[in-house]
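Reader: I'm new to this one and would like to be walked through it slowly. Could you put it up first?
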Amino acid sequence: MNKLSIIVAISENNAIGKNNQLLWHLPADLKHFKEITTGNTIIMGRKTYDSIGKPLPNRRSIVITRNADLVIEGAEVVTSLAAAIALCKENEEAFIIGGAEIYEQALPFTSRIHLTRVHGKYDADAFFPVLHPTAWKEINSITFPADEKNNVAYTFSTLERI
């Protein structure tokens, strides 16, 4: 694989979800996610897949699960992050899309993070790992205020491993 990237939306307290659901309504972030991942491979845990409910269009989906017998139509199912990475070809960028456990496992192998910072603190049961500031540099960032479609302010940024 050419590059392993993470794409994630996190709150100011690193929250990413509760009860297997997103914590905010940000259509702009969903559009941003679609623009970045369309035409690429996405790797996710089974609970993240369940929360989405179906393979996303125009993307190759790899689902990681402990259940070796699980079959998901339209997705490739593996039992480890290493097996998911092994499926990705030499010239391909693959995107880790969640959840918390998969982000934690993938972070050491990740070279880029497409980060949406949601400007609020949320009650959650799933959190993104703390990023060490000496390991990452922000290469771009743009902040948007809350508006009629997006009920909270947010920042899109790209981080690269130093």
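**The sheet and its neighbours**

Author: In this predicted model, 8 strands make up an open sheet with mixed pairing, in the order E5-E4-E3-E6-E1-E7-E10-E9. Strands here are DSSP runs of E with at least two residues, helices are runs of H or I with at least four, and both are numbered from the N terminus; two strands pair if DSSP finds at least two bridges between them.

Reader: Which are the edge strands?

Author: The edge strands are strand E5 (76–78) and strand E9 (136–144), each of which pairs on one side only. On average, neighbouring strands of this sheet are turned by 20° against each other, direction ignored, where the axes are lines fitted to C-alpha atoms, for helices over the stretch in contact, and angles run from 0 to 180 degrees between N-to-C directions.

Reader: Before we go on, how are residues numbered, and what does the predicted model need for local features?

Author: Residues are numbered from 1 along each chain as its sequence is written. As a predicted model, it needs pLDDT of at least 70 for local features and 80 or more for side-chain atom pairs, while totals for chains, interfaces and linings use all residues, and side-chain values use heavy atoms, leaving out hydrogens and water.

Reader: Back to E5, then: how many bridges join E4 to it?

Author: Strand E4 (residues 60–64) is joined to E5 by 3 bridges, and the two run parallel. Within that pairing, Ile62 has Glu76 of E5 as its bridge partner.

Reader: And which residue forms a salt bridge with Glu76?

Author: That is Arg60, with the closest N and O atoms 2.6 Å apart; a salt bridge here is a side-chain nitrogen of Lys or Arg within 4 Å of a carboxyl oxygen of Asp or Glu. Because Glu76 lies in strand E5 and Arg60 in strand E4, the pair ties together parts that are 16 residues apart in sequence. Glu76 is partly exposed, its relative accessible area being 29% (buried is under 20%, exposed over 50%, partly exposed in between, with a 1.4 Å probe and protein chains only).

Reader: How many salt bridges does the count come to?

Author: The count comes to 6 salt bridges. One of them joins the side chains of Glu101 and Arg66 at 2.6 Å, N to O, and since Glu101 lies in helix H4 and Arg66 in the loop between E4 and E5, this pair ties together parts that are 35 residues apart in sequence. Glu101 is partly exposed at 45% relative accessible area, whereas Arg66 is exposed at 72%.

Reader: Changing topic, what is the volume of the largest pocket?

Author: It is about 1,300 Å³. On a 1 Å grid over the protein atoms alone, a pocket is an open set of points where a 1.4 Å probe fits, with protein on both sides within 12 Å along at least five of seven lines; points are joined across faces, edges and corners, and the volume is the space filled by probe spheres set on them.

Reader: What lines the largest pocket?

Author: It is lined by 44 residues, with Thr48, Ser51, Ile97, Gly98 and Gly99 nearest its centre, and a lining residue has an atom within 4 Å of a point. Elements giving two or more residues to the lining include strand E1 (3–11), helix H1 (27–37) and helix H4 (100–106).

Reader: Which residue does Ser5 stand opposite?

Author: Ser5 stands opposite Phe95 in E6, and E1 pairs with strand E6 (residues 93–96) in the parallel sense over 4 bridges. Ile42 also stands opposite Phe95.
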